[in-house]
Amino acid sequence: MTLRVGIARDERFLEHKTGHFHPEHPKRLETVYRMIDRHFKDRLIAVPPEPATLEQMERIHTQAYIKRILKTADQRITSLAPDTPISADSYLAAWLAAGACIKGVDSLMDLDCDAFFALIRPPGHHALPDRASGFCLFNNIAIAAQYALDRHHLRRILVIDWDIHHGNGIHDIFYNSREVLYFSTHDLLLFPYSGELTQTGGESAPGYTVNVPITRELTDADMIYLYREILRPVIKGYQPQLIMVAAGFDAHTDDPIGRSRLTEATYRGITRLLMDLRSVADKPPLFFALEGGYHQRALADSIQAILTELLSDQASEPPDTPQSPEIVDLVANVRSIHSSYGVFHD
Ligand SMILES: [Zn+2]
């Protein structure tokens, strides 16, 4: 069955200016938008973003922090963190990015589409309730997940974070929640240097966080194997009502920051896996929001691979026979650590 796929895009996301030498620059999205125009004209449902409301933002971020961001309006270039410069219209782009994710949740819950991709910037997964961090201002996915719990009365949301950096913001915000299960693969040697395998959730949500540190040697087949072996029991056991992906593409082999070996085949393969695994739960909709990814062509190619798979009724057959010897041990280790919690279900 072909899925109906919605996207959010907006020229105002390009107005968040970070300076000439910053990797998270407007050209990233410009390249993605050009790819969409070239390959997906009339095949996607437009879900135009609207700014989030103050109440929606305050469910995740502190009033003082929101005020601080709003005060940067019309200032030329300021810095919220050493690696997070912003410009006069950044506050609006960031506010709109969170709103785009909220609109996406509505479009999925109202059954206007089955899958949705927020093509937004600035990214969000490092943003903390009271602090910008790692190019992120507001935590787009956390805000949208909280909104889905509040407004649509969901009780189980699975967040998958395949950005090469650990999404410490989403991780910390929901560490004690059973309503959001956070699963992340990341390189511990990169910023923010968190996300140990043994961090499995807070006291009130043991087992509801699944951190999987990975090495740079993993191949596409290794990665797809890892995702299949972990996500199948997680989705079967947790029965998510919504699956949200923090979709960063900096684990791509061409990425200047991630230094990994993956190609767009990983993203296409995991997308097909998620489409298949919807059937072991109650067909939860699929939500994607752009996070990192700093090589323009690799970024556009990876997103194209995902959208192609979502729109295809002919399943691709991704490689999933593990190639690196350590991957089988890693998966076994994750499953053994989580075996006592009862979230995984074979
Ligand atoms: Zn990243």
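Phenylalanine 21 sits in the loop between strand 1 (5-8) and helix 1 (27-39); helices (H or I, at least four residues) and strands (E, at least two) are DSSP runs, numbered from the N terminus. The structure is a predicted model, in which local features need pLDDT of at least 70, side-chain atom pairs count only at pLDDT 80 or more, and totals for chains, interfaces and linings use all residues. Residues are numbered from 1 along each chain as its sequence is written, and side-chain values use heavy atoms, with hydrogens and water left out.

With a relative accessible area of 84%, phenylalanine 21 is exposed (buried means under 20% relative accessible area, exposed over 50%, partly exposed in between, for a 1.4 Å probe and protein chains only).

Attention now turns to the metal site. The zinc ion has as its protein donors Asp163 (OD), Asp163 (OD), His165 (ND1) and Asp250 (OD), at 2.0 to 2.7 Å. Donors here are N, O and S atoms within 2.8 Å of the metal (3.2 Å for Na, K and Ca); water is not among the atoms, so sites may look incomplete. The arrangement is irregular because the four donor atoms subtend angles of 53 to 153° around the zinc ion. For comparison, four donors count as tetrahedral if all angles lie between 85 and 135 degrees; four count as square planar and six as octahedral if opposite donors are over 155 degrees apart and all others between 65 and 115; anything else is irregular. Along the chain, the donors follow the spacing D-x1-H-x84-D. Distant parts of the chain are linked in this way: histidine 165 lies in the loop between strand 6 (157-161) and helix 6 (168-173), and aspartate 250, 85 residues apart from it, in the loop between strand 9 (242-247) and helix 8 (264-277). Histidine 165 and aspartate 250 are both buried.

What of the cysteines? A disulfide is a covalent bond between the sulfur atoms of two cysteines, counted here as a pair of cysteine sulfur atoms within 2.5 Å. Searching the whole structure gives zero disulfides. Cysteine 101 is in none, as the nearest cysteine sulfur, that of cysteine 136, is 12 Å away. For cysteine 136, the closest cysteine sulfur, in cysteine 101, is therefore too far for a bond. Cysteine 101 counts as buried at 0% relative accessibility, and cysteine 136 is buried with a relative accessible area of 0%.
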